Amino acid sequence: MGFFSGVIVAVTTAVAGVMKGLAVAGLALQGLKSLAAPLLELGKELGLIESETDVEDLGDKAIQSDLKPDDFDCYEEYLKAVEDYKLDPEKSKLSTEEKKIQKGIELTVGVMIDKYQEFSMGEFINMIGHNQSFFTESKMGELAIVIKTDGQSISDILHYVDGTEKNSTKIQGTVDTLLEIEKNTNPGLSDKEAFKNVMELRQ
């Protein structure tokens, strides 16, 4: 159990860092919903979150159940237990919509970090949160296909966007990937417009 508890501690620490980096605690309701939408969709498309899960209900269940990640061998088991919890409508009234969505985002972030620990998933999620004009909810299906095909793409896209990747071959490969995502999601865009959008992502 020591090994598993160490992994869980690492995940929950990473989650706290992401939540702070995205300033989740200070977001108003609409900002929380805007942030939650692509993250939850990515979690669903990666097969980590049930397709019918609602972020507010997920957070509500986590709050009501009082389950803790370190009671489980992995974050995915914790999430599943929370998803299976039956809500008490009366207790639901005790928490604000904001608190429920904040908690739902926390679990969504946690299960993705847990799954892709060997890659920079925490930083990747932070990057999505700060680039929501490009990483929209509608792009998450295409992005998930790329990630499931090669987890290394998480780091490749992150390092393209944050400007730390200097290898021209890797940069071109990531640009091609992002262009494909952009064109598949927005088929009406011209190649020039799609290229401009991908170029503007790089910091």
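Helices (H or I, at least four residues) and strands (E, at least two) are DSSP runs, numbered from the N terminus. The structure is a predicted model, in which local features need pLDDT of at least 70, side-chain atom pairs count only at pLDDT 80 or more, and totals for chains, interfaces and linings use all residues. Residues are numbered from 1 along each chain as its sequence is written, and side-chain values use heavy atoms, with hydrogens and water left out.

View 1. Asp 66 lies in the loop that runs between α3 and α4. The phi angle of Asp 66 is near 60°, a positive value in a residue other than glycine. Most residues other than glycine have a negative phi. Asp 66 counts as exposed because its relative accessibility is 52%; buried means under 20% relative accessible area, exposed over 50%, and partly exposed in between (1.4 Å probe, protein chains only). Lys 68 is also in the loop between α3 (55-65) and α4 (75-84). With 37% relative accessibility, Lys 68 counts as partly exposed. Between Lys 68 and Ile 113 there are 16 Å in space, C-alpha to C-alpha, and 45 residues in sequence.

**View 2. Ala 23 in the loop between α1 and α2.** Ala 23 is located in the loop between α1 (2-21) and α2. Its phi is near 50°, which is a positive value in a residue other than glycine. At a relative accessibility of 42%, Ala 23 counts as partly exposed.

View 3. Is Lys 93 buried or exposed? Lys 93 is exposed, since its relative accessible area is 62%. The C-alpha atoms of Lys 93 and Asp 60 are 9.7 Å apart in space, while the two residues are 33 apart in sequence.

**View 4. The largest nonpolar core.** A nonpolar core is a set of buried Ala, Val, Leu, Ile, Met, Phe, Trp, Tyr and Cys residues joined through side-chain atoms within 4.5 Å. The largest such core has 59 residues, of which Leu 42, Ile 105, Phe 124, Phe 135 and Leu 143 touch the most other members. Helix α6 (residues 97-115) supplies the largest share of this core, seven residues. In soluble globular proteins, nonpolar side chains tend to be buried together. Not counting residues up to four places away in sequence, Phe 124 touches Leu 42, Leu 143, Ile 147, Ile 154, Ile 157 and Leu 158, where contact means heavy atoms within 4.5 Å.

**View 5. Phe 135 in the loop between α7 and α8.** Phe 135 is found in the loop between α7 (121-130) and α8. Phe 135 is buried, as its relative accessible area is 2%. Which residues does Phe 135 touch, not counting residues up to four places away in sequence? They are Pro 38, Met 127, Ile 128, Met 140, Leu 143, Ile 157, Leu 178 and Leu 201. Phe 135 and Leu 201 are 66 residues apart in sequence and 9.9 Å apart in space, C-alpha to C-alpha.

**View 6. Helix α2 against helix α8.** The axes of helix α2 (residues 29-45) and helix α8 (residues 140-149) come within 9 Å and cross at roughly 45°. This angle makes α2 oblique to α8. Axes are lines fitted to C-alpha atoms, for helices over the stretch in contact, and angles run from 0 to 180 degrees between N-to-C directions. Angles under 35 degrees count as roughly parallel, over 145 as roughly antiparallel, 65 to 115 as roughly perpendicular and the rest as oblique. From α2, the contact involves Pro 38, Glu 41, Leu 42 and Glu 45; from α8, it involves Met 140, Gly 141, Leu 143, Ala 144, Ile 147 and Lys 148. Six of these contact residues are nonpolar, one is polar and three are charged; Ala, Val, Leu, Ile, Met, Phe, Trp, Tyr, Cys and Pro count as nonpolar, Asp, Glu, Lys and Arg as charged, and the others, Gly among them, as polar.

**View 7. Helix α2 against helix α7.** The axes of α2 and α7 come within 9 Å and cross at roughly 140°. That angle makes α2 oblique to α7. Leu 35, Leu 39 and Leu 42 in α2 meet Phe 124, Ile 125, Ile 128 and Gly 129 in α7. The residues of this contact comprise six nonpolar, one polar and no charged.
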